[in-house]
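Please read it with the model open.

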Amino acid sequence: MTPPPGLLRTAPLQGETTSSLICRIASRYGMEAKVLRSCWHWRNYQPGHDGGGARADAEALLNAAGRQLLAGLCGVKEDVLVRALPSWEQEDAKLPAGEDGAPAAAWRIGGAVAGPVAFGCRLCTARRTGTAVRVVRYAPRWSRVCVRHGRWLLDADADQPLEYLDVRHLPEVAAAQRRWTGVARRAVRTGAEPERVFALAHAVVARWWEQALNWERETIWPRRLHQVAGGNAGGDLERWRIVGRDAVVFPEVVAVADALLDPAMAELAWADSGAGRPRALPADGMFCRRLGERVGRPWLGPLAATDYGGPLTSWMGSVIRLRRGAGGPPGYDNDPWWLRQEHQCATMAGQLRVLGKEKKAPGSGRMWRAAVPAEQRALITRAIESAEEQLLQLRGAQTGPTADVARQLLRSLRHSADLIENAWKRTALAAANAGMPLDEVAQWADMSPDALMDILTAGQEDSG
């Protein structure tokens, strides 16, 4: 039975999803959420995860009669709900209109309604409402830190049990959130949209995150990752690298956003390009060197500069084209804040889905990503990419004195061959360690099992 309207007042929390508010009202009345939801006529089924279970980011769109009913149940005026609930005034064309009709509702995915959806802090909810229940709210990724309780609030769209990560011992994460306010103001002053600036900076740093497994000098991110994992992420490193990424890299994302908005940094990119005398961007350019210093890694410059085809080099190219006046009509090609689709980083939910499918698929013990540790895959990828970069530098190399050309070709080809051999050995060792029969691995490598075993045994220490 429907409780008398307004019997127990339940105020909405700022940015809360309508579905979350319905669940909290049900909790106030001592009811299951599905019982209270039966007060509305639902036009579709509640969204769920591939493996079963309802999605926490599921959102409810209500018609006029449905909104009127909800306002009565929570004992709050509709104008208050309009200000608090981002989805309140959004309707679905399939729902009957008019306040005199039957209360109706439709399920949607929150992220498609009003932006990213995250869990709320239960301690803050208890402080305000007296009950530590789950809250789901719309929250951009630059406001995920509960500073009061030292929690990083996770995306609500992923199929995983955690609602937050403990960042009480990582003060730099909360400091970055406070710093972002000033960065956003600077973006507005320069005519850029803060959302786009953040998205580009996040893509840049997320790309570094994928490469960082091969950075021997990187010590900051591993320390933070182990911290948010409760002290040790080694037991399930791949999963923790997915779940913890956004919290761990957040300070660097804000620092990169701040740097890309700095006119002095744009001037360095212009100087690296040769200014009035165009040239290829150097590996030891001042822009990337300074960017590495601004994120606390003076050694990062050459690594960032040689990451060709990434979002950072795309930003630099747009800035340079604008300075030269060679960008053509307004468009993505000369918009520094345009984030290409191929540069958009995968979300936590997407990565966890891929990881779960690989581990649960038939024969998952032989699925490459499930069987080979992330560190080994990163080393193989880096060796292949380095060989590719080395070979690309040989384009047009066969001009000039014979001695110079032969010396450059032979040295570069030898170095590329060493890189390819390194990738080859690591791949063979990874396949063998993953449980593949040595005879099969040897056949794929076009050599005898004994010869392969000798090579792997001799190089196992280096390959490990």
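1. Basis of the model. The structure is a predicted model, in which local features need pLDDT of at least 70 and side-chain atom pairs count only at pLDDT 80 or more, while totals for chains, interfaces and linings use all residues. Residues are numbered from 1 along each chain as its sequence is written, and side-chain values use heavy atoms, with hydrogens and water left out.

2. The open sheet. Helices (H or I, at least four residues) and strands (E, at least two) are DSSP runs, numbered from the N terminus, and two strands count as paired if DSSP finds at least two bridges between them. By these criteria, three strands make up an open sheet in the order β6-β7-β8, with antiparallel pairing. Its edges are β6 (145–146) and β8 (164–166), each of which pairs on one side only. Two bridges join β6 to β7 (residues 151–153) in the antiparallel sense, and Val145 stands opposite Trp152 in β7.

3. Pairing around β3. Strand β3 (residues 104–109) pairs in the parallel sense with β1 (residues 41–42) over two bridges, where His41 is placed opposite Ala104. Strand β2 (residues 58–62) runs antiparallel to β3 and is joined to β3 by five bridges; here Leu61 faces Ala106. In general, the strands of a sheet pair through backbone hydrogen bonds, either parallel or antiparallel.

4. Val136. This residue belongs to strand β5 (residues 136–138). Val136 is buried, with a relative accessible area of 3%; buried means under 20% relative accessible area, exposed over 50%, and partly exposed in between (1.4 Å probe, protein chains only). Leaving aside neighbours within four places in sequence, Val136 has contacts (heavy atoms within 4.5 Å) with Glu16, Thr17, Ser20, Ala56, Asp57, Val117, Ala118, Phe119 and Ala156. The C-alpha atoms of Val136 and Asp155 are 9.4 Å apart, the two residues being 19 residues apart along the chain.

5. Thr125. Helix α6 (residues 122–129) contains Thr125, which is buried at 4% relative accessibility. With neighbours within four places in sequence set aside, Thr125 is in contact with Leu13, Gly130, Thr131, Val133 and Val135.

6. The whole structure holds 28 salt bridges, a salt bridge being a side-chain nitrogen of Lys or Arg within 4 Å of a carboxyl oxygen of Asp or Glu. In one of them Arg323 is joined to Glu267, with the closest N and O atoms 3.0 Å apart. Because Arg323 lies in helix α15 (residues 311–324) and Glu267 in helix α12 (residues 263–272), the pair ties together parts that are 56 residues apart in sequence. Arg323 is partly exposed at 40% relative accessibility, and Glu267 is partly exposed at 41%.

7. Further salt bridges. Arg290 and Glu293 form a salt bridge, their closest N and O atoms being 3.2 Å apart. These two residues are three residues apart in helix α13 (residues 286–294), so about one helical turn separates them. Arg290 is partly exposed at 37%, as is Glu293 at 40%. A salt bridge of 3.9 Å, N to O, also joins the side chains of Lys34 and Glu32; Lys34 is exposed, at 57% relative accessible area.

8. The largest pocket. What volume does the largest pocket hold? The space in the largest pocket is about 1000 Å³. A pocket is an open set of points on a 1 Å grid over the protein atoms alone, where a 1.4 Å probe fits, with protein on both sides within 12 Å along at least five of seven lines; lining residues have an atom within 4 Å of a point. Of the 35 lining residues, the closest to the centre of the largest pocket are Arg207, Glu210, Gln211, Thr381 and Glu385. The elements giving two or more residues to this lining are α8 (194–211), α10 (237–243), α16 (348–360) and α18 (374–392). The largest share, nine residues, comes from α18.

Terms used. Grid points are joined across faces, edges and corners, and a volume is the space filled by probe spheres set on the points.
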